[in-house]
Amino acid sequence: MICVCKKCGTIFDGKFCPECGTEYGPVRVCEGCGTSFVGNYCPECGTKADAGDVTLSSAVVAGSEGLVYSQQGSGCAIMGTGNCKDADIVIPAEHGGKSVTQIWGNSFARRTGVMSVIIPDTVTDIQICAFADCTSLECVVFSKNVKSIGPDAFRNCTALGMVFFKGTVSEWNALSVHPSNACLGNARKFFYSEKKPVIPSYNMWHYDADGNIEIW
């Protein structure tokens with residue numbers, strides 16, 4: 001399994017990053033419903049992971065292969081899924097040496113097999129209908145650098161239950177989110193915090209030592 005280190009960005013094959021030595025563990029799957037855990041919790045039924053959960057594959061996966069790009073000046077944009085069949089989409093931070101800054105309209109529309117999306121820090125703009133009718137989409141990880149989410153970008157994403165935002169509540173509220181994105185608005189939000197809250201809030205998250213999402 002090809003992986004990318006969350007600490008230094010090195011792409012590698014195996015359990016240990018050859019650049020910084022970080023060890024990565026396996027993805028765990030909920031015994032109750034079979035859904036892959038997001039951090040220590042099942043996004044489908046809310047069960048907390050334990051030692052009995054089944055392991056399938058490496059925890060951190062490199063950018064999804066087969067996506068289609070368009071060069072845009074000093075950056076580039078995702079314009080379609082091409083021949084990518086991944087259920088768990090990881091949008092890379094760069095392609096061809098250029099930063100990925102946009103997700104164009106309809107790029108992932110009607111891809112009913114997509115279950116999760118990780119959007120890198122480089123993306124600032126998610127355009128009209130980008131993920132419309134992705135009816136199996138359960139979880140999205142957003143960078144705080146996203147500035148605008150266009151009309152119907154997440155229209156009819158009826159399974160969307162968890163949004164992990166790499167910023168604060170006020171930064172999320174400052175986002176330009178078109179009001180047509182009701183499914184995004186209704187999803188449970190988790191906000192990034194390096195420090196564990198004194199009183200557990202259960203709406204804060206961070207990356208644990210293995211690079212997995214963990215809810216505080």
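In the predicted model, Pro92 is placed in the loop that runs between strand β7 (88–90) and strand β8 (94–95). With a relative accessibility of 15%, Pro92 counts as buried, because the cut-off for that class is under 20%. When residues up to four places away in sequence are set aside, Pro92 touches Gly63, Leu67, Tyr69, Val100 and Pro120. The C-alpha atoms of Pro92 and Val123 are separated by 9.5 Å in space, while the two residues are 31 residues apart in sequence.

Aromatic pairing was examined by a search of the whole structure, which finds 11 aromatic pairs. In one of them, the rings of Tyr192 and Trp205 have centres 5.0 Å apart and planes at 80°, and the pair is therefore edge-to-face, since planes over 60 degrees apart fall in that class. Tyr192 lies in strand β16 (residues 188–192) and Trp205 in strand β17 (residues 204–207), so this pair ties together parts that are 13 residues apart in sequence. Tyr192, at 23% relative accessibility, counts as partly exposed, whereas Trp205, at 0%, counts as buried. The ring of Trp205 also pairs with that of Tyr207, with centres 5.1 Å apart and planes at 85°, so this pair is edge-to-face as well. Tyr207 has a relative accessible area of 22% and is partly exposed. Elsewhere in the model, ring pairs link Phe108, Phe131, Phe142, Phe154, Phe165, Trp172 and Phe191 into a cluster.

The loop between β16 and β17 contains Ser193, which counts as buried at 15% relative accessibility. A polar atom of the side chain of Ser193 lies 2.7 Å from the backbone oxygen of Lys195. Apart from neighbours within four places in sequence, Ser193 is in contact with Met204, Trp205, His206 and Trp216; Trp205 is thus a contact of Ser193 and a ring partner of Tyr192.

As to confidence, the chain averages a pLDDT of 81, and 72% of the residues score at least 70. In the chain, the highest confidence is found in strand β11 (residues 125–126), at 97, and the lowest in strand β4 (residues 54–58), at a mean of 32. Where pLDDT is low, the predicted coordinates should not be read in detail.

Technical notes. Residues are numbered from 1 along each chain as its sequence is written. Side-chain values use heavy atoms; hydrogens and water are left out. Rings of Phe, Tyr and Trp (its six-membered ring) pair if their centres lie within 6.5 Å; planes under 30 degrees apart count as stacked, over 60 as edge-to-face and the rest as tilted. Helices (H or I, at least four residues) and strands (E, at least two) are DSSP runs, numbered from the N terminus. Buried means under 20% relative accessible area, exposed over 50%, partly exposed in between (1.4 Å probe, protein chains only). Contact means heavy atoms within 4.5 Å. pLDDT is the predictor's confidence in each residue, from 0 to 100. A polar contact is a pair of N or O atoms within 3.5 Å; within protein, one must be able to donate a hydrogen and the other to accept it, and residues adjacent in sequence count only if both atoms are side-chain atoms.
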